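Visitor: Could you take me through how aromatic pairs and a buried charge are read from a model?

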Amino acid sequence: MFLRQIISVATLAAASLVSVAAANAKVFYVAQNASRSNAGGTSCGDALSAAWFSNSSSWGTASHQISAGTTVYLCGVFKGSPGEELLTVHGSGSAGSPITIKFLTGAVLTAPYWSGNGAIHMDGVSDIVVDGGANGIIENTSNGTGRAYHQNSVAVHAAGCNGCTVQNLTIQNLYVRTSSSDLAPTHSINCVYWHLADDLTVNHITCQDASWAIAGDGSNFTLENSNIYHVDHGLASGAVGTGSNYSIHNNHFHDFANWDSPNNAYHHDGVHIWGQNGGRVSGGAIYSNTFDGDFGVNVTAHIFLQDSVSHVAVYNNVFYTPSMRVNHALWFAAASTSLPGGSPTGNSAYNNSINAGSHRAGTALFVQSQFSFTAVNNILAGGQSNITIQGGGTRSSTGINNNVYRDLFAEFGDTNTFGFSGGNYYTLAKWQAVCHCDLASKLITGAQTTAFSSVTGPAAPTTAAGATVTSAAAAASDSVNLAVVATPTTKDPDLELLASVGQGNGLNLTDIAVDALAPLALDLSGAARPTAGPWNVGPF
């Protein structure tokens, strides 16, 4: 009883401290044209200036300084000058008591172009939350093709910002590229940039018209619930040293074609993670994302995991590629089986649904120099090949199995339905014999192909004026596709037929649906998969 009383007193004391901290949390209001610089800040009508926020003397533990637990509300429209760094963070929050920069309704940071160091600069600090609230916006107005400026620009610059969060923001028009011959942009036009920053989260943002939308490196990075389009790369992350535990889920990546160029200056990827020059990435999950719209001529892959990237699980994603485009939709790539950062090991693909577009090139699932690789319960429908394994490596004990493949030979006369170690095969029996895999998988027969129809995405790229642009024309002229898929594509007749064949033919993966793979226990609609008996093939 005495111990219980001690615990109760300790619990009440802790709760009391939390209540006192909450009661004492400081709140300031900041507006562009505020007249106050060292007093006030109690409302938007009594706001402090942006210059006050960015002055290092405004940061500290005194009553009128920003410190852990403080919320700074942004009021109204902030109009920056070209290349300005508007808000500079000079101090850190703490775990459980972050410093929050909160956009009030209607708050906008707008400039001809913001600095390459960020409209909001929060380098070398920790536990900062940038929250766009209901409709916060950071934007450029004059940076892009045919516009006054062609500059690097970053919305939120968070190098070394550990435990930081960027959420609920629309970041737009950082560089509006409308011509394939415009080669002025570099990779340093980012909605969020981070470097050597751990535990950084980007949640529920819209990022449009940038080069590398979300770019940087660190461990325990999360990108979730976001809408990313009209960019060259959605996520670009190359490890410096070792990065680990990436979580990329429930995002919509689409419509990258406006970054096409005649010389492939910008090779587009939805998600590009790499370990090169001794760097390595170990651990992560990429799940429940949609990749659709027109990714353009210069696309490398929807998901491109390159070189020393290991123990990353890719699951419950859907990939829709227009019929006139080609790519390796999901590419586990390695230059060789021996790399400075270590061989890629333990990567996996579960319950994805992939339509890789045109059958003149490309692969739904491309596996290159991978060790202990697993691919189970996937729907794979061309390109020119459903699955290709090259460069050596090994498969896990589970291996490659319980997949559903499209019969590309029956439909298109394509003899490259399966690729293995330099050979091409178009019958399931020959594929099974050479790969020693897929004994429980299915190949849609020729009799079933009459049910196939074209993809329910955009059938051909269109310009803003609505004229059709062929792949060759897009590469040879200034025309780029500015069309946008407003919402994630939900229907593809090709994939729906394959999914119907896969019903009840999947492997039950309940035993591995823990930790980073825990969401695998649910299908893409959120329904629980059975704990016993077969699963369906694909994400539903």
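Visitor: Is W194 buried or exposed?

Guide: In this predicted model, W194 counts as buried because its relative accessibility is 0%, and F221 is likewise buried, with a relative accessible area of 0%.

Visitor: How is a pair of aromatic rings described?

Guide: Such a pair is described by the distance of the centres and the angle of the planes. Across the whole structure, a search finds 20 aromatic pairs; one of them joins W194 and F221, which are stacked at 4.2 Å centre to centre with 10° between the planes. Since W194 belongs to strand β12 (residues 189-194) while F221 sits in the loop between β15 (212-216) and β16 (222-224), the pair ties together parts that are 27 residues apart in sequence.

Visitor: Which elements hold F418 and W431?

Guide: F418 and W431 form a stacked pair, 5.0 Å centre to centre and with 15° between the planes. F418 lies in strand β34 (residues 418-420) and W431 in helix α4 (residues 428-435), so this pair ties together parts 13 residues apart in sequence.

Visitor: Turning to the charge, which side chain of opposite charge is nearest to R529?

Guide: That side chain is D523, at 5.8 Å, and R529, although buried, has no salt bridge, the cut-off for which is 4 Å. R529 is placed in the segment after α6 (493-502), where a polar atom of its side chain lies 2.8 Å from the backbone oxygen of L520, and its side chain also reaches the backbone oxygen of P539 at 3.1 Å.

Conventions:
Residues numbered from 1 in each chain as written. Predicted model: local features only at pLDDT ≥ 70, side-chain atom pairs only at ≥ 80, totals over all residues. Heavy atoms only, no water. Phe/Tyr/Trp six-rings, centres within 6.5 Å; stacked < 30°, edge-to-face > 60°. Helix = DSSP H or I, 4+ residues; strand = E, 2+ residues; numbered from the N terminus. Buried < 20%, exposed > 50% of the residue type's maximum accessible area, 1.4 Å probe, protein only. Lys, Arg positive; Asp, Glu negative; His and termini not counted. Polar contact = N/O pair within 3.5 Å; in protein donor to acceptor, adjacent residues only side chain to side chain.
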